[in-house]
Every structure is written in C-alpha cells, then in structure tokens.
Amino acid sequence: MRTVKAWAAPSATEPLTATTIERRDVGPNDVLIEIAYAGICHSDIHTARGEWGDVPYPLVVGHEIAGVVAEVGSEVTKHAVGDRVGVGCLVNSCGVCDACRAGNEQYCPDAIGTYNATDRDGTITQGGYSTHVVVDADFALKIPEGIELDVAAPLLCAGITTWTPLRRWGVREGSKVAVVGLGGLGHMGVQLAVALGAEVTVLSQSLKKQEDGLALGATDYRATSDDETFTDLRGKFDLILNTVSADLPIKKYLSLLAPEGTLVNVGAPAEPFEVPAFALIGGSKALAGSNIGGIPGTQEMLDFCAEKGIGAKIEVIPADKVNEAWDRVVASDVRYRFVIDAATI
Ligand SMILES: NC(=O)c1ccc[n+]([C@@H]2O[C@H](COP(=O)([O-])OP(=O)(O)OC[C@H]3O[C@@H](n4cnc5c(N)ncnc54)[C@H](O)[C@@H]3O)[C@@H](O)[C@H]2O)c1
Ligand SMILES: [Zn+2]
C-alpha cells in the first residue's frame with residue numbers, strides 16, 4: 001500500500017477537503033500512474049452530492065485522468081515507465097463475458113467504476129482527484145503524441161461519452177446533428193460530430209456562448225428559450241445528442257427529429273422524462289440512451305482526436321479551487337471543462 005494525497009467529499013453537503021488515501025501495491029497486471037491532470041465531470045458532482053443515490057463517504061471522485069506511468073507490474077507489456085496514459089470511468093471488468101469480448105466493457109456485469117465502486121479486494125474505488133492511481137494495465141489508455149495531457153484528460157469521459165453515440169448512429173459526411181447543451185460533454189460532441197463531417201447545430205439555453213459554438217465548428221446556434229427555434233428546426237435532425245444535466249421538455253426536442261431520427265440522452269438528470277407515445281410514433285422516432293464507452297472505442301476516439309487536432313477547451317485550476325469550480329459547473333459557468341492540476345493536490 002502507498003499513501004497518496006487526494007481531495008475527498010466528506011459528505012453530500014460539505015465541501016471537498018484535502019486528505020490522504022491508500023492505493024494498492026502494484027500487482028503483476030497493474031500500472032501505477034502519476035496523475036498530471038484530472039478533469040471535473042458533472043457526474044462527479046451528481047455522485048458526491050448523493051443525487052444518484054447513497055455514497056460511501058469519504059469519497060474521492062474524478063474519472064478523467066491523464067498522467068504518466070511511474071511503475072509497471074511484472075507481467076505488463078502494454079505500457080512502460082514514462083508512457084503518457086489516461087484512465088476514464090472504468091478500472092476493471094471480467095474480460096471474458098460477451099460485452100468484454102466485444103470491447104463494451106461498460107456493459108460487463110462485473111465492470112468496476114473508477115470511483116464509488118467495490119474493487120476486487122473489497123475496497124471502494126477512489127478516483128482521480130489525487131496524485132497517483134493504480135489500475136489494471138488494460139484500463140490505461142495511450143494518450144497519443146500531439147495531445148497535451150491537460151486537454152486530453154476530459155476526453156476520457158466527455159470525449160468517449162459523446163463519441164460512442166456519434167459512432168453508433170453512424171454520423172458521417174452530411175449528417176444533420178444537434179447537440180443540446182454546450183458544457184463539457186456538449187463541446188466535445190460538437191467538435192467530434194464536425195470532424196466526422198456532420199452539419200452541427202447547437203441548442204443552448206441562450207445565445208451567450210454562440211461565438212464559441214460556431215468557433216468549435218457548428219454552423220447554426222439556437223436558443224431553446226426562443227420558441228421560434230422549435231418551429232424553424234422542426235423535423236430537421238438525424239440525431240440529437242442531449243448532454244444536459246437537468247430535466248428537459250423532451251417532447252419538444254423530439255419534434256426536431258427527421259422521420260426515423262434518434263434523440264440520444266447522455267445527460268443524466270435525476271428527474272424522469274415525460275414522453276407521450278405519439279411524440280415517437282409519428283415519425284417512427286427513437287429515444288435512446290448511451291453510457292460512456294468501451295476501452296477500444298476510447299482508444300479509437302483518442303487517436304481520432306490526435307489525428308484531427310481535437311482537444312477539450314479547458315480552464316486549469318489548482319486543487320484548492322475545486323469547490324468553487326464545482327459551484328461554477330452547476331451554475332453553467334464553465335468554458336468548457338475545469339481540469340485540476342494534480343501537482344497542486
Ligand atoms: N451517459 C454517460 O455516460 C455520461 C457520462 C458523463 C456525464 N454524463 C452526464 O451528462 C451530463 C452533462 O455532463 P457535463 O459534465 O457535460 O456537464 P456540464 O455541466 O459541463 O454541461 C451541462 C450543460 O447543460 C446545460 N444546461 C443545464 N441546464 C439546462 C437546461 N435546463 N436547459 C438547457 N441546457 C441546460 C448547461 O448550461 C451546460 O452547458 C451530466 O448529467 C452528467 O452526469 C453522462
Ligand atoms: Zn464523466
């Protein structure tokens with residue numbers, strides 16, 4: 001065991017505080033990673049504040065980890081000391097079930113999340129707001145040359161979570177895609193869809209971030225507070241990617257789909273959606289969800305980002321600003337991902 005520094009949530013209502021946690025010894029198939037940066041995902045906040053259910057406190061969150069391999073286990077061939085690597089939302093899975101064989105480790109019944117999950121040794125996994133982490137080598141992704149570690153960190157969740165549905169629903173040259181919400185996930189969704197050749201519209205609460213959305217490659221940017229948006233864009237989109245962390249009047253958004261179009265939710269509000277059957281039946285539309293992505297897909301996304309020069313737009317913060325950053329995320333005041341400099345932890 002080694003004792004490392006971290007920032008933990010002591011309860012659902014108290015601010016995160018500096019602390020220490022134990023990381024396991026490096027096993028034969030493990031790597032020890034010296035964390036350089038950890039992105040702040042809205043899921044960290046939902047989880048730590050108990051919005052998705054009870055949590056064992058104190059809890060260290062963070063599943064957008066970028067760093068450098070500091071030690072490798074005796075049987076590790078995939079990574080070497082000094083390699084630049086990332087860890088996303090998963091740190092292990094069974095490796096033999098259909099989902100794992102298909103590279104969809106996120107569906108493995110025994111998948112282990114990066115934080116707030118029970119690890120093989122019975123301990124609760126602790127995430128990336130920390131200086132070091134030990135993970136199975138297969139769950140460390142290679143960060144290609146050409147992407148800096150700070151802008152790479154958010155790709156490990158925000159990047160893969162938007163990449164998976166864009167790929168699954170076959171977004172390509174000429175696809176008409178709307179991205180709802182221009183936050184951490186949304187700003188990655190826009191960049192990735194544009195790079196796949198789609199014509200992208202951002203649907204945001206207001207036009208405050210319009211200039212940024214267009215700079216990211218969107219060709220249209222509309223305010224959802226303006227009812228005209230819903231009449232103008234009716235029936236237009238092949239795919240709508242909803243990244244909003246709050247409840248939305250989903251029926252209105254379904255009306256923007258072309259026949260046989262799909263609205264896919266990656267945003268995870270605690271409230272249920274209200275969906276009348278005829279909002280789907282009319283144009284044979286689909287309402288879907290998508291959960292992060294598997295390890296091969298994550299590597300594919302990282303390589304694609306390196307090839308296309310895509311990274312997250314970030315604001316790097318020292319660890320002692322993390323509570324302020326969380327409040328700003330909740331207030332939609334972030335352009336577009338906070339990233340903790342782990343050297344300040
Ligand atoms: N499905 C998955 O696998 C997965 C993975 C990661 C995150 N998530 C979830 O996705 C959501 C977004 O995460 P994020 O880190 O991008 O958060 P974020 O806070 O960076 O972005 C959320 C965006 O939604 C916008 N928004 C908030 N309320 C809105 C409203 N009422 N109408 C329109 N827009 C509104 C905000 O302005 C912001 O731009 C969260 O719920 C998070 O838990 C899901
Ligand atoms: Zn996340």
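The C-alpha centres of domain 1 and domain 2 lie 27 Å apart in this predicted model. Domain 1 is made of two stretches, 2-157 and 293-344, while domain 2 covers 159-289; these bounds come from an automatic or database domain assignment. The two meet through 24 residues from domain 1 and 24 residues from domain 2, where contact means heavy atoms within 4.5 Å. As for ground rules, residues are numbered from 1 along each chain as its sequence is written, and chains are lettered from A and ligands numbered from 1 in the order in which they are written. Local features need pLDDT of at least 70 and side-chain atom pairs count only at pLDDT 80 or more, while totals for chains, interfaces and linings use all residues, and side-chain values use heavy atoms, with hydrogens and water left out.

How much area do domain 1 and domain 2 bury between them? The figure is about 2,000 Å², with 59% of it on carbon and sulfur atoms; buried area is the accessible area (1.4 Å probe) that two parts lose on being put together, summed over both. On the domain 1 side, C157, F304 and Y336 supply 29% of the area buried against domain 2, more than any other three residues.

Polar links cross this interface too. There are 14 residue pairs in polar contact between the domains, both partners being at pLDDT 80 or more. A polar contact here is a pair of N or O atoms within 3.5 Å; within protein, one must be able to donate a hydrogen and the other to accept it, and residues adjacent in sequence count only if both atoms are side-chain atoms. Helix 10 (295-308) gives the most to the side of domain 1 that touches domain 2, with seven residues (helices, H or I of at least four residues, and strands, E of at least two, are DSSP runs numbered from the N terminus).

Side chains of opposite charge can pair when their charged atoms come close. The whole structure has 15 salt bridges, each a side-chain nitrogen of Lys or Arg within 4 Å of a carboxyl oxygen of Asp or Glu. Two salt bridges are counted between domain 1 and domain 2. R335 pairs with D212 at 3.1 Å, N to O. E300 and R167 also form a salt bridge, again 3.1 Å from N to O. Because E300 sits in helix 10 and R167 in helix 4, this pair ties together parts that are 133 residues apart in sequence.

Next comes the metal site. The zinc ion (ligand 2) has C41 (SG), H63 (NE2) and C157 (SG) as its protein donors, lying 2.0 to 2.2 Å away. Donors are N, O and S atoms within 2.8 Å of the metal (3.2 Å for Na, K and Ca); water is not among the atoms, so sites may look incomplete. Along the chain, the donors follow the spacing C-x21-H-x93-C. H63 lies in the loop between helix 1 and strand 4 (65-72) and C157 in the loop between helix 3 (149-152) and helix 4 (158-168), so the pair ties together parts 94 residues apart in sequence.

Most residues other than glycine have a negative phi, and most peptide bonds are trans. A cis peptide bond joins Y57 and P58, with omega about -5°, and P58 is in the loop between helix 1 and strand 4. Another cis peptide bond joins R335 and Y336, with omega about -10°. N116, although not a glycine, has a positive phi of about 60°.
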